[in-house]
Amino acid sequence: MQFYDPHTLISEVQELLRSYGLNPQRIDSQLVQTGACMMLRGLNVFPAIDPVGAYMSTLDKEPWPDADEPFSMTWPA
Amino acid sequence: MKHLHSGKIRDLYADGEDLILVASDKVSVYDVVLPTPIPGKGKILTQLSLWWFERLADVVPNHVISATDVPAEWAGRAIRCQRLDMIPVECIARGYLAGLGLGSYRATGTVSGVPLPEGLAEGSKLPEPIFTPTTKATTGHDEFLTFDDVESQVGAETAAELRRITLEVYRRGADLAAGRGVIIADTKLEFGRAPDGSVVLADEVLTSDSSRFWAAEDWHPGRPQRYLDKQFVRDWSSTITNWDRTPPGPPIPEHVVNATRARYVEVYERITRATWPEG
């Protein structure tokens, strides 16, 4: 199975477009990520994130319950 | 051993091809890590995660290589892990309505595109657990994904596998914990792919840093629920009137540290029915 990071692909495509004089902007990050993943899958490459980058992102976030909790809505009790 | 990153609560190291996740005793509120550790928290959550990994091994393989082949200074709170290609979706199972799930329900009647019945309140038990994936953002906040979105990103077969495993892990954990007085309201799982392409459970599993733990005896839908372990810190911090909820956080008083540590031990002992060896 072949793997490639969709975030890397997005950055590389943006860079390529800039080299053609365009000004690509991520106006819909979810659409961009889905597009990158679909393109990879269409090329028989599974979209996957490098584990170090993935864990760095996870470790920089709040523990799940707090990350999922909009404080103003439910806390303090 | 190469240090790769220090996160809010845990650190990441590389040892050759292996990764080592090291849990600290840090605790955070309001997105701020407090300067006072809760002694033993890192070990308790690591051992709880390992306990679950073992019990869930027939549901899904996991990334654990060893919990003992780690440097002595991290004994008990580190896990040597397999380096996986990580699937770019955060897999969340919710059995109760809370947090952003509650916000989404109030706004749309759905969570991640899953329609829910009318009349549910904060803390309500859902008719059945639901799969509410999000993006795995490298920057910024994660966003809800519908199941169709996940299918588009990782393919129909992998999406179905992620949903099946996530809900099975949640059901298994929630059922077991419920019989021991602990409500697991929801949980977040991360998965990767091994070189052979198989889906493998990564990170941590069914700890209170990856799940909402509520005391079953104190569950009352229609109001915010009380957390089983971190509530002392949350209650205490809400009384600090001269802190603006930005770093640095205030030091935690000793009695709050002791009470919080006792609750982490209690959660471990309730769920595993084993005595925490360090009292």
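## A buried aspartate to start with

Let's begin at one residue of this predicted model. Asp203(B) counts as buried, because 27 C-beta neighbours lie inside 10 Å and 20 or more are needed for that label. Asp203(B) sits in the loop that links strand S15 (199-202) to strand S16 (211-215) of chain B. Its backbone is worth a look as well: phi of Asp203(B) is near 55 degrees, a positive value in a residue other than glycine.

You will find Ser112(B) in the loop between strand S10 (110-111) and strand S11 (114-115) of chain B. With 20 other C-beta atoms within 10 Å, Ser112(B) is buried.

## Chain B as a whole

Now step back to the chain that holds these two residues. Chain B has 6 helices and 16 strands. Its radius of gyration is 19 Å, close to the 19 Å that the globule rule gives for 279 residues, so chain B is as compact as a globular protein of that length. Along the principal axes, the C-alpha atoms of chain B fill a box of roughly 50 × 50 × 35 Å.

Of the 279 residues in chain B, 46% are buried. Among the contacts in chain B with a separation of 6 or more, 62% are between residues 24 or more positions apart.

Pro71(B) lies in the loop between strand S6 (64-66) and strand S7 (78-81) of chain B, and it counts as exposed, with 12 C-beta neighbours inside 10 Å. Pro71(B) and Ile20(B) are 51 residues apart in sequence, while their C-alpha atoms are 9.9 Å apart in space. Pro248(B) belongs to the loop between helix H5 (231-238) and helix H6 (254-272) of chain B. The peptide bond leading from Pro247(B) to Pro248(B) is cis, with omega near -5 degrees.

## Two helices that cross within chain B

Helix H3 (residues 147-154) and helix H4 (residues 156-178) of chain B have axes that come within 7 Å and cross at roughly 125 degrees. H3(B) and H4(B) are therefore oblique to each other, and their crossing is right-handed.

From H3(B), the contact uses Phe147(B), Val150(B), Glu151(B) and Val154(B); from H4(B), it uses Ala156(B), Thr158(B), Ala159(B), Leu162(B) and Arg163(B). Sorted by class, these are 6 nonpolar, 1 polar and 2 charged residues.

Chain A has 77 residues, of which 30% count as buried. It contains 5 helices and 2 strands, arranged along the sequence in the pattern β-α-α-β-α-α-α. Residues 24 or more positions apart make 65% of the contacts in chain A that have a separation of 6 or more.

## Where the two chains touch

The contact between the chains involves 38 residues from chain A and 44 residues from chain B. On the chain A side, the elements giving two or more residues are helix H1 (6-19), helix H2 (29-42), strand S2 (46-47), helix H3 (51-60), helix H4 (64-67) and helix H5 (71-74). H3(A) provides the largest share of that side, 10 residues. The side of chain A that touches chain B has 24 nonpolar, 8 polar and 6 charged residues.

One helix pair spans the two chains. The axes of H2(A) and H3(B) come within 7 Å and cross at roughly 40 degrees, and the two helices are therefore oblique to each other. Here Gln33(A), Thr34(A), Cys37(A) and Met38(A) of H2(A) meet Asp149(B), Ser152(B), Gln153(B) and Val154(B) of H3(B). This contact of H2(A) with H3(B) has 3 nonpolar, 4 polar and 1 charged residues.

Conventions: Residues are numbered from 1 along each chain as its sequence is written. Chains are lettered from A and ligands numbered from 1 in the order in which they are written. This is a predicted model: local features need pLDDT of at least 70, side-chain atom pairs count only at pLDDT 80 or more; totals for chains, interfaces and linings use all residues. Two residues are in contact if their C-beta atoms, placed from the backbone, lie within 7 Å. Helices (H or I, at least four residues) and strands (E, at least two) are DSSP runs, numbered from the N terminus. Ala, Val, Leu, Ile, Met, Phe, Trp, Tyr, Cys and Pro count as nonpolar, Asp, Glu, Lys and Arg as charged, and the others, Gly among them, as polar. The radius of gyration is taken over C-alpha atoms; the globule rule is 2.2 Å times the number of residues to the power 0.38. Axes are lines fitted to C-alpha atoms, for helices over the stretch in contact, and angles run from 0 to 180 degrees between N-to-C directions. Angles under 35 degrees count as roughly parallel, over 145 as roughly antiparallel, 65 to 115 as roughly perpendicular and the rest as oblique. A crossing is left-handed if the near helix is turned anticlockwise from the far one by less than a right angle, and right-handed if clockwise.
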